[in-house]
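Here is a short report on selected side-chain features. It moves from charge and rings to sulfur, then to a helix and a loop.

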Amino acid sequence: MRKIALMLVAILLSGCGAGASDQPAAAPSDSPSSAKASFSTPSDAPSPSAAVPSAMSSNVPTPSPNGLEAIQNLLTEQWETLQEKHAFQLQLVYSTEKAVIMTIRPYGDIEREPTEEEVEAFKSDLFELAGKPFPLELSVWKCCKNEPPVTGKIKSVENGRVLIVNDNKKNGNSDDPEAFWVGLSADGKMIDRDGEAILSIDETLVGREAKAWTTGMVNQSYPGQTSALKIVIE
């Protein structure tokens, strides 16, 4: 039996309800595809970019599954240091029998496209922390390149979040419209159509159209609850 610790990073503002936290949450599972948690990814949410080729050379023996899990735990414990140095946010990490699987995204400048040199320097620090090279499959999540997964009209504002309702799209098989409470991630931004920052989330936003590029994680309530990296107000 393989033991995988699945880390889902869902950065939601305070008051976002059950399952919302600024800290990664772990959910053990027998395989990545069978992991169950209270979060899901919107069907049209942006996907990570293609995985960076494995950083493990063919002549390095594969550590035991327990060894990979220990490395995964060590890296997540040291993530604050890694984030401060490299400006990457951890999106997802888990270990299989063959590798540590990790997805990261730029932190701070959310639309920055990391260079190959930046990614290689990051991987080098991962190996240094682990004390040795290990099998690693690394992907870089790119924000705001695809169509926004959340669109609609702002119907309400509450606790630093906006309720975006799309009356033209149904919520699953129900007759209810698709609706999400959307807050900003710690490094998220809200701007108008001209790119000017909107600093106040208040009632003046009600009635305006909005587009939100989220972190990819949604608390499955109704309305859904999610955290955005970028919100554009029309």
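## Basis of the model

This is a predicted model, in which local features need pLDDT of at least 70, side-chain atom pairs count only at pLDDT 80 or more, and totals for chains, interfaces and linings use all residues. Residues are numbered from 1 along each chain as its sequence is written, and side-chain values use heavy atoms, with hydrogens and water left out.

## Aromatic pairs

Rings of Phe, Tyr and Trp (its six-membered ring) pair if their centres lie within 6.5 Å; planes under 30 degrees apart are stacked, over 60 edge-to-face, and the rest tilted. The structure holds three aromatic pairs. In one of them, F88 and F122 have ring centres 5.2 Å apart and planes at 75 degrees, so the pair is edge-to-face. F88 belongs to strand β4 (residues 88-95) and F122 to helix α3 (residues 116-130), so the contact ties together parts that are 34 residues apart in sequence. Helices (H or I, at least four residues) and strands (E, at least two) are DSSP runs, numbered from the N terminus. F88 and F122 are both buried. Buried means under 20% relative accessible area, exposed over 50%, and partly exposed in between (1.4 Å probe, protein chains only). Ring pairs also bring in W79, linking W79, F88 and F122 into a cluster.

F127 and F134 make an edge-to-face pair too, at 5.0 Å centre to centre with 90 degrees between the planes. F127 counts as buried at 16% relative accessibility. F134 is buried at 0%.

## Disulfide

There is one disulfide, meaning a pair of cysteine sulfur atoms within 2.5 Å. C143 and C144 form it, with sulfur atoms 2.1 Å apart. Both cysteines, C143 and C144, are buried.

## Helix α3

The expected span of a helix is 1.5 Å times one less than its number of residues. For the 15 residues of α3 that gives 21 Å, and the end C-alpha atoms are 21 Å apart, which agrees. The buried residues of α3 are V119, F122, K123, D125, L126, F127 and A130. G131 follows α3 and has a positive phi, near 85 degrees.

T96 lies in the loop between β4 and β5 (100-106). T96 counts as buried at 13% relative accessibility. Its side chain reaches the backbone nitrogen of K98 at 3.1 Å.

Methods:
A polar contact is a pair of N or O atoms within 3.5 Å; within protein, one must be able to donate a hydrogen and the other to accept it, and residues adjacent in sequence count only if both atoms are side-chain atoms.
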